[in-house]
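May I ask you to look at the sequence and the structure together while I speak?

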Amino acid sequence: MHIDSFFSLSNCDVEGAEYIIYGIPYDATQSFKPGSRFAPNAIREASWNLESYSNLFDVELSLVKVSDAGNINCDGSFSQILDRTESFLGKLKGFPIAIGGEHTVSIAAASKFRKVCFVVFDAHFDLRDEFDGDKFNHACTSRRIFDSGMEVVIFGVRSGTKEERRFAEDNGIKYLYSWDFDVEKAVGMVEDFDRIYVSLDMDAFDPAFAPGVSTPEPFGLSPMDFLKFFERISERVVGFDLVEVVPDSNKITQTLAARIVFEVIAAKCKDKG
């Protein structure tokens, strides 16, 4: 099968789309398994094997105006990638969906938004001020988001330093360990926020569901944990990114990622009736 550069749902130009998918194929700082720069195109390829009808939300996605805008140019420094992404996002009217790339790209993907709650599903706190001498390392993503002035809520965490945990507690950063995750509890933790940006690091899921990630951690969430939560708050979500897929040879993780992108759009469309 020939796979072109567009996501299988892409049926509209960027200007007229309700949902815009774009890739940020960057993985310069990954410290265990590299390769997430290949994820955007691998997720696109996997999407062609999926049905466009969401049984979960009763939505026919081929009727939704979706555009795949291609990939951000990731040549050069991270500050250059940040500038390019901000410029791209500044022109968008539809709902943006970024596919990475390492988790650092969430800093760029969320840069359009201010006065929102950054809800991140992640196995790791990512609250280090720097790692390997770099403040824009994948292990610092939630810290940089917090420093930008956003409220931060972390779900599914099960790895990090004692210092990161203390930083979260001292600074009012809410979090749930994976073994404490409950949809009702999680929804209650964000009930006061009218606008929410959601970031999904695929290592939030147990490696049994997503083996192809940069830093897998046992004892993770299930994909349905995420989707049930997302459905409950979807009306308030203003942007979404999915990161840290390192494509695996059996195409398990990239296929799950593609399905999640489908269902995120379906959940948002369900709000409109």
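This is a predicted model: local features need pLDDT of at least 70, side-chain atom pairs count only at pLDDT 80 or more; totals for chains, interfaces and linings use all residues.

Glutamate 244 counts as buried, because its relative accessibility is 2%, and buried here means under 20%. Glutamate 244 is found in the loop between β10, residues 237-243, and α8, residues 252-270. Its backbone also deserves attention: glutamate 244 has a positive phi of about 75°, although it is not a glycine. As background, most residues other than glycine have a negative phi, and most peptide bonds are trans.

Lysine 115 also has a positive phi, of about 55°, and it is not a glycine. Is lysine 115 buried or exposed? Lysine 115 is exposed, with a relative accessible area of 82%. Its place is in the loop between α3 and β6, the latter spanning residues 117-121.

The next backbone feature concerns a peptide bond. Glycine 100 and glycine 101 are joined by a cis peptide bond, with omega at about 20°. Glycine 101 lies in the loop between β5 and α3, where α3 covers residues 105-109.

Which strands pair with β1? One is β4, residues 66-71, which pairs with β1 in the parallel sense over four bridges. Another is β5, residues 95-100, which runs parallel to β1 and is joined to it by six bridges. Isoleucine 21 illustrates both pairings: it stands opposite aspartate 68 in β4, and it stands opposite isoleucine 97 in β5.

How many residues of β1 are buried? Strand β1 comprises residues 19-24, and six of its six residues are buried. In a regular strand the side chains alternate between the two faces of the sheet. In β1, both faces are covered: Tyr19, Ile21 and Gly23 are buried on one side, and Ile20, Tyr22 and Ile24 are buried on the other.

Let me finish with the cysteines. How many disulfides does the structure hold? It holds zero. A disulfide is a covalent bond between the sulfur atoms of two cysteines. For cysteine 74, the closest cysteine sulfur is that of cysteine 140, 18 Å away, which is too far for a bond; the cut-off for a disulfide is a pair of sulfur atoms within 2.5 Å. Cysteine 74 counts as buried, at 18% relative accessibility. Cysteine 117 is buried too, with a relative accessible area of 0%.

Thank you for your attention.

Key: Residues are numbered from 1 along each chain as its sequence is written. Side-chain values use heavy atoms; hydrogens and water are left out. Buried means under 20% relative accessible area, exposed over 50%, partly exposed in between (1.4 Å probe, protein chains only). Helices (H or I, at least four residues) and strands (E, at least two) are DSSP runs, numbered from the N terminus. Two strands pair if DSSP finds at least two bridges between them.
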